[in-house]
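I opened this entry to record what I looked up in the model, going from the sheet to the rings and then to the core.

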Amino acid sequence: QVQLVESGGGLVQAGGSLRLSCAASGIINSINVMGWYRQAPGKERELVAAMSIGGRTNYAASVKGRFTISRDNAKNTVYLQMNSLKPEDTAVYYCNAEVSTWIAGDMIVWGEGTLVTVSS
């Protein structure tokens, strides 16, 4: 069983910053990709940023230059530094990981989500 636990969401004013963290636990061989998605009310879930185990990154156009993803492979943890936040960044942010396990093989795992609210 692999679990992702997110932290760091909250309420912030426009222009402010937040840092999200997501730690994976369980019997893990490796994590190929870790990333963040978000879902705003009435909208579909969308990719925010992702990072491969080798350090390659992918960002949504709407967050480029404002958000930075990073990860600590030794701790199976991924971070999302969010700067210059806008009201349109308000959403539930979900951690996502492509995990290789010794017992169950490869799987996609989701966290339960953390709410980010940006006030204008």
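**Sheet**

I began with the strands, and found that 4 of them form an open sheet in the order β1-β3-β8-β7, with antiparallel pairing. β1 (3-7) and β7 (67-72) stand at the edges with a single partner strand each, so one side of each is left without a neighbour in the sheet. From one strand to the next, the twist averages 15°; axes here are lines fitted to C-alpha atoms, and angles run from 0 to 180 degrees between N-to-C directions. I took strands as DSSP runs of E with at least two residues, numbered from the N terminus, and counted two strands as paired if DSSP finds at least two bridges between them.

**Provenance**

I note that this is a predicted model, in which local features need pLDDT of at least 70 and side-chain atom pairs count only at pLDDT 80 or more, while totals for chains, interfaces and linings use all residues. Residues are numbered from 1 along each chain as its sequence is written, and side-chain values use heavy atoms, with hydrogens and water left out.

**Rings**

For aromatic pairs I required ring centres of Phe, Tyr and Trp (its six-membered ring) within 6.5 Å, with planes under 30 degrees apart called stacked, over 60 edge-to-face and the rest tilted; the count comes to 1. Y37 and W110 form an edge-to-face pair, at 5.0 Å centre to centre and with 65° between the planes. Because Y37 lies in β4 (residues 28-39) and W110 in β10 (residues 105-110), the pair ties together parts that are 73 residues apart in sequence.

I also checked for charges over rings (NZ of Lys or CZ of Arg within 6 Å of the ring centre and within 35 degrees of the ring normal). R19 lies over the face of Y79, 4.2 Å from the ring centre, and R45 lies over the face of Y94, at 3.7 Å from the ring centre.

**Core**

I defined a nonpolar core as a set of buried Ala, Val, Leu, Ile, Met, Phe, Trp, Tyr and Cys residues joined through side-chain atoms within 4.5 Å, buried meaning under 20% relative accessible area (1.4 Å probe, protein chains only). The largest such core has 32 residues, and W36, V48, F67, I69, L80, M82 and Y93 touch the most other members. Its largest share, 5 residues, comes from β9.

Methods
Buried < 20%, exposed > 50% of the residue type's maximum accessible area, 1.4 Å probe, protein only.
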